[in-house]
Amino acid sequence: MDLCKKMQDSAMSQFHKELAACSNEELYCMLLDLTKELMKDAPEITGDRKLYYISAEFLIGKLLSNNLINLGIYKDVKEILAANGHSLADVEEAEPEPSLGNGGLGRLAACFLDSIATLELPGNGVGINYHLGLFHQQFKDHKQNEQPDPWMTNESWLNDKEKYYTVHFKDFDVQAHLYSIDVIGYTHKKNELLLFDLDTADEGIVENGIDFDKTQIEKNLPLFLYPDDSDENGRKLRVYQQYFLVSAAAQMILEDVKANGWPLSELSDHVVIQINDTHPSMVIPELIRLLVEEGMDIKEAIGQVEKVCAYTNHTILAEALEKWPESYLLQVAPQLMPIIEELDRMAKERDSNPKTAIIDDSRTVHMAHMDIHFSKSTNGVAAIHTDILKHTELNDFYKLYPEKFNNKTNGITFRRWLEACNPQLTDWIISKIGDGFLKDAEELNLLMPYAQDAKAQQEVLAIKAEKKKELAEFLKKRQGVEIDPDSIFDIQVKRLHEYKRQQMNLLSVINMYQEIKNGYVPPKKITVIFGAKAAPAYIIAKDIIHAILVLSDIIANDPVVSKYLQLVMVENYDVTCAEKLIPAADISEQISLASKEASGTGNMKFMLNGAVTLGTDDGANVEIHELVGDDNIFIFGTDSDTVIDHYAKADYSSAKIMEEDSKVADLVNFLVSEEMIALGDEENLRRLHHDITTKDWFMALLDLESYMNERKKVYAAYEDSSKWASMMIVNIAKAGFFSSDRTIAQYNNDIWNL
Ligand code: 26V
């Protein structure tokens, strides 16, 4: 049946209305049903070897557009709606964004699912269906305040698989209830995102923002992603969540294997499990435990699991490498401890170095150590990151297992981060080089000759101008804030963390504010945009948000400065918001302390959409830098070797920098100036000031001067619009390497062999 008739009929049968008379909400429900039906008919991707990508997070974003694109009917649906007086963009607004992820790690998992299905590889995501998500961020009194994010509605992408798996905790059992979301690839074949849930979950226990009784596990387990772990009950709840996920997953995987008639002795021929960071690490001992329960000899079980599992490390920050006291595991899932003890014994047999032990002297279990000893592969997520793992952070392990270490530079799906969010740029690229790049992203290189083509330059500038207008309308509607589309859009959006150095950006904005106040007139107005959620218990991160919001008001209230400078922080930065911000950006801020950002993936999205990077040689910026060359990126700051050396020698002192550089000292001291304190909360501002002046653990002051200088150079470069447009085109042309299709092909060749 033709699509138009199908849509008309669905509208009539569901709402007894003509298509033209339906509301956006009704149209969304109609399209949701229609799309789900089409996806139901799509062939499943099968094979005799299957991947399970286990992750605590899947930051999938809204799904309607993405699914329509991958089904190949996006343009048709858009036209049919338009012919009936509707806009697909308005209909999309009715879709709630699933709140199943936090940041780059979760968004990466979502991009990977898209590419795995597109490459027609049999592989499912496995995670938890958090009812209230991470949290919904609100700003009140210049502060972040957290609310539950109840994203699930009656009509949703979730399918009930009507399957349960019993998970044994020490004192009680729960029934993990399996749901799924179809993941359709570009060739219309599908995999699934499998999500475990608990029927006993009770949202009613949440009060006062996101507080709840952390001890009522049957009620609270699937409510929130990353519940506050600043107290012991919060940390134990995370262990409950992790064991819940991996125990249900391991049972499901063995059930799949048996259903296919494969003997468990051939498990590693048929199954590969990618462990996404350490949250699902307990899948290793759990799978061993279940195999032993099935009658397998423990040595054989360990051998199988070691060949089945592969581990991805996503951070070098020591404080982010999970380790759990044995006592927690004994309280949550004591059945795992004998297995972990055995793994620890074997690991100590392989290496007597206490730094590689699974269980250390204070009886703490190191999850990453277990992963590296007992999986077949350990990968980092960008070249520099993997190098640091090999030669610094995990060097003791690298010496033990050099063959296990490998790099897989992250990637992003161009279906969402170009086709869906920037159809104008997509059409422009197609008009220049055809649509081959949609299948083979490296074909973007064919754009290179257009970098010097005056007409092409004008065209990309016009598209950017249009996207900036769209962003201005979006922010007006979403947050009531007005921005000037004729200004430079200078954007830093990512989770709030000191190593990402939003505070350095803030200090530089203070500098711009003061310079303008002192009479400097910038050639063009600048709009600095932040978007970031801070972990609810991360005090300094929240203080940084506070300072940004206060400064934003100070600037807005200044009749002179506000003519040339605006500071905006978007509320509740999420995927939907990213899809608007990224295509509109002129400047992409990627300013982490070198060596600390494992990869970054926002950097790739900005580049693909023609923003120019202002950044440090860190994470995937290094590879962006190599690809576009010195002339098409703005790099500043201390290099990673020097930074690592500072940490080793413990010789960095922010106080010393302030003593020697009165300009830097003035900027930092502005945080506790009369102006700031008049609008802000003195306690928060003083705490942030104290932290920067006495600790500055991520060395914001080390690079502040070079950052401010480089930023000036970027703004000056923007004035030469032809040169700027050529930089934009080079960035787009060189972005092909960062397609997640490339990353997934590499995972498959080197690790999965599907
Ligand atoms: C977690 C935590 C938790 C405790 C407090 C501090 C802290 C700091 C960082 C993290 C990050 C955990 C792992 C993670 O999300 N890594 C991100 O993974 C992305 C995908 O590979 C990568 O692009 C980002 O650079 C990396 O930060």
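Predicted model: local features only at pLDDT ≥ 70, side-chain atom pairs only at ≥ 80, totals over all residues.
Colleague: Okay, and in which sense do β8 and β9 pair?

Modeller: Strand β8, residues 271–276, and strand β9, residues 309–312, pair in the parallel sense, over four bridges. Helix α11 (residues 298–308) packs on the sheet and touches both β8 and β9, with its direction at about 45° to that of β9.

Colleague: What is the strand order in the open sheet of nine strands?

Modeller: Read it across as β5-β6-β7-β2-β1-β8-β9-β12-β13, with mixed pairing. The edge strands, β5 (159–168) and β13 (405–407), each pair on one side only. From one strand to the next, the twist averages 25°. Out by β13, helix α15 (residues 383–393) lies across β12 (378–380) and β13, running at about 165° to β13.

Colleague: Now for β18. Which residues point one way and which the other?

Modeller: In β18 (residues 612–615), Val612 and Leu614 point one way, while Thr613 and Gly615 point the other, and all are buried.

Colleague: Which residue is the bridge partner of Glu589 in β18?

Modeller: That's Leu614. Four bridges join β17 (residues 587–590) to β18, and these strands run parallel. To get from β17 to β18, the chain crosses through helix α23 (residues 602–608), a right-handed β-α-β crossover.

Colleague: And what is the bridge partner of Leu614 in β19?

Modeller: Phe634. Two bridges join β18 to β19 (residues 634–635), running parallel. Here the chain crosses through helix α24 (residues 621–628), and this β-α-β crossover is right-handed.

Notes. Residues numbered from 1 in each chain as written. Heavy atoms only, no water. Buried < 20%, exposed > 50% of the residue type's maximum accessible area, 1.4 Å probe, protein only. Pairing = 2+ DSSP bridges. Right-handed = clockwise from strand over helix to strand, strands pointing away. Axes fitted to C-alpha atoms, helices over the stretch in contact; angles between N-to-C directions. Contact = heavy atoms within 4.5 Å.
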